[in-house]
Amino acid sequence: MSEHTLHFKPAEGFRARSKAVVDNPFLRQSFRGAMDFLMSKRAAQFPDPEELESLRNLGEAIRQYNLAKLPDLLERLEANLTRNGIKVHWAETPDEANAIILGIIQGHGATRMVKGKSMVSEEIELNHAAEAAGIEALESDMGEYIVQLANEKPSHIIMPAIHKTKEEIARLFHEKVPGVDYTDNVDALIQIGRNVLRRKFQEAEIGLSGVNFAVAETGTLCLVENEGNGRMCTTAPAVHIAITGIEKIVEKLEHVPPLLSLLTRSATGQNISTYFNMISSPRKPGEKDGPEEVHLVLLDNGRSQAYADEQLRKTLQCIRCGACMNHCPVYTRIGGHAYGTTYPGPIGKIVSPHMLGLDATAGLTTASSLCGACGEVCPVKIPIPDLLIRLRSEAFSAPHANPAMRGQGAGHSSLISAIWRGWALVYRSPALYRAVSWLGSRFGWLMPSRQGAWTTVREPLRPAPKRLRDQLKERNKA
Amino acid sequence: MSARDRILARLNRSAPQQPPALPDVGSWYATHRSSETPADKARRFRHYIELAHAEVHAVSRNNWADTLHQVLKARGIDRLLVAEGTPHGDTALDALPPRGIECSVYDMAIEAWKSEMFTATPASLTAARAAIAETGTLILWPNEKEPRLMSLVPPVHIVLLDASNIYNTFFEAMTAEAWNNGLPTNALLVSGPSKTADIQQTLAYGAHGPKELIVLLLGEKA
Ligand code: SF4
């Protein structure tokens with residue numbers, strides 16, 4: 001593993017990383033501009049609020065129907081894929097998934113893999129595992145290629161290089177790609193990437209991809225993309241390995257059109273993506289191209305924990321469109337890297353605790369103003385704010401037996417709990433409330449003038465010298 | 001117990017006893033999408049695929065090979081990959097070589113000529129199985145005669161589409177043709193030339209697939 005290896009780091013350092021972005025006007029400007037762009041493109045795709053609402057209702061119903069039947073559908077998917085000649089593998093953890101994938105690659109004596117965009121492969125940090133095993137793992141989505149060249153991680157699940165300006169990319173290509181002169185012409189930059197990667201598509205023995213929808217009734221893997229690199233990775237190399245979370249499954253092919261429409265319109269404001277690629281088998285006898293072998297790796301990694309709880313299960317409705325982050329005031333200000341998790345933004349806050357445990361992610365659940373924008377735009381109506389409140393209470397309540405989540409109570413503090421208990425007591429007893437508010441009005445001046453983060457941009461909090469009840473009493477008299 | 005059994009056991013423990021009712025996708029489409037006349041479908045198809053930067057030429061059965069020739073000549077292309085044994089491939093094979101355009105055919109497995117495909121195949125001609133008006137989308141089902149890479153690797157991809165095969169929606173296409181009874185190795189929706197907006201949200205065409213997508217739209221007149 002190279003010394004530059006950059007792991008996703010969960011919450012530790014979250015505040016420091018956020019502050020660094022907030023203090024950087026260039027980054028703030030580029031996130032603001034990019035999010036405004038994506039929000040207006042999405043809005044233009046949904047001119048009719050009734051259509052949007054009814055389509056979201058349908059999308060939600062489809063996802064909930066399929067999640068309710070998830071174990072059955074996984075078995076049906078496996079049976080139908082197997083019948084079609086696609087090999088199915090199951091992994092409980094990222095390590096298991098990496099071992100399966102490396103096993104397939106090494107079984108072929110292969111050393112070169114090209115990758116289409118796959119957030120699940122980021123989730124398992126496949127590139128590190130491959131590198132450690134001496135296998136080249138090259139990202140071929142333009143945005144992913146750029147962040148890989150820069151030794152960085154994607155900062156957005158749909159637009160991985162959204163944090164980079166074209167000048168930065170121009171310098172990067174000039175420094176890292178042999179024989180390339182500096183140019184910040186976007187078309188020229190894309191041509192450079194195209195030429196490098198076209199050679200790689202020819203040479204690679206292995207193509208890796210994600211999956212947007214897996215259709216149980218037909219045994220079909222569906223991929224959404226604009227560039228054509230996903231088609232390259234799944235057609236040109238001799239072996240195609242697809243990886244997906246266990247939740248991305250639909251029973252019926254007819255469930256796909258509404259979800260596809262919601263996905264592309266919500267994600268990038270396109271009425272459809274350039275390519276929608278449906279793969280149902282490896283190369284058949286007589287066919288002249290396509291991989292001889294196709295594999296699917298089904299990854300759990302905490303998803304079955306979310307599944308076990310009726311409320312938390314809604315997390316798995318997600319179709320990874322990224323609209324929640326595009327509309328999130330926190331994401332827009334701190335960008336994707338600050339979160340330190342594979343999935344940033346609102347979806348990252350609700351899904352990462354299941355993957356990494358609440359001990360590593362308790363802080364993320366509080367990084368929300370609960371403004372509700374994410375829940376309002378989510379195309380499958382995940383109640384993200386409600387889930388955030390639930391996760392906060394799981395993270396900060398006292399540890400108890402049989403918790404719904406790994407790391408429950410990790411953020412718990414006896415002092416803070418005692419303060420809230422006292423608060424609750426005061427608010428439950430009118431006599432106590434009167435006494436405490438009276439004390440507050442008398443001794444409010446004792447409050448410190450520096451009150452941590454609050455007073456960096458605000459006046460200190462101080463109880464008023466006269467209580468509201470006293471003011472009202474006086475007014476009624478007058 | 002294997003990873004598979006453990007995952008399924010965990011899910012089975014918590015799966016609801018009664019799944020919700022099957023969502024009625026058909027009635028959503030029936031109430032939210034209208035069924036248009038063939039002429040309107042063709043217009044809508046053309047509008048959206050042109051918005052996505054494809055070039056569309058209205059052609060007839062008699063003249064489409066002439067248009068194909070003009071399209072290639074205008075670009076200075078003198079070599080076209082065609083599917084031998086298909087009606088459109090054979091028409092091109094008859095019509096183009098006398099006019100100075102060499103036609104190559106996909107007659108062996110890609111392993112034997114991968115580098116030629118990637119470096120010396122400037123354009124290809126395939127047919128579309130059907131199309132979708134709502135989004136300006138071509139439906140391709142590559143097969144033995146017209147393999148998958150034909151519509152992906154050459155920088156210019158020319159597609160022959162019969163205007164009478166345009167559906168209103170993706171949903172209508174898959175239900176009318178009963179795709180749930182079986183899909184081919186690879187089925188594709190193509191809605192424009194390859195593109196990316198990964199550098200500062202600036203749209204650029206020809207990311208990895210074709211830089212140009214040209215549709216020859218076969219209608220009754222033209
Ligand atoms: S939570 Fe909803 S809005 Fe966010 S990525 Fe998932 S589907 Fe899209």
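Let me start at one pair of residues, where F276 of chain A stands opposite L189(B) in β9(B). What I am showing is a predicted model, in which local features need pLDDT of at least 70 and side-chain atom pairs count only at pLDDT 80 or more, while totals for chains, interfaces and linings use all residues. Residues are numbered from 1 along each chain as its sequence is written, chains are lettered from A and ligands numbered from 1 in the order in which they are written, and side-chain values use heavy atoms, with hydrogens and water left out.

Around that opening pair, strand β9 (residues 275-279) of chain A and strand β9 (residues 186-190) of chain B run antiparallel and are joined by five bridges; strands here are DSSP runs of E of at least two residues, and helices are runs of H or I of at least four, numbered from the N terminus, and two strands pair if DSSP finds at least two bridges between them. The open sheet has eight strands with mixed pairing, in the order β8(A)-β5(A)-β6(A)-β9(A)-β9(B)-β6(B)-β5(B)-β8(B). At its edges stand β8 (249-250) of chain A and β8 (166-167) of chain B, and because each has a single partner strand, one side of each is left without a neighbour in the sheet. Within chain A, β5 (residues 213-215) and β6 (residues 220-225) are antiparallel and joined by three bridges, with C222(A) in β6(A) as the bridge partner of F213(A).

Turning to the interface as a whole, 97 residues from chain A and 78 residues from chain B take part in the contact, which means heavy atoms within 4.5 Å. The two chains bury about 7400 Å² between them, 60% of it on carbon and sulfur atoms, buried area being the accessible area (1.4 Å probe) that two parts lose on being put together, summed over both.

How many salt bridges cross between chain A and chain B? The rule, a side-chain nitrogen of Lys or Arg within 4 Å of a carboxyl oxygen of Asp or Glu, finds seven across this interface, and the side chains of E92(A) and R6(B) meet in a salt bridge at 2.6 Å, N to O. Over all chains, the search of the whole structure finds 40 salt bridges. In chain A, R32(A) forms a salt bridge with D36(A), with the closest N and O atoms 3.0 Å apart, and both residues lie in helix α2 (residues 25-45), four residues apart, about one turn of the helix.
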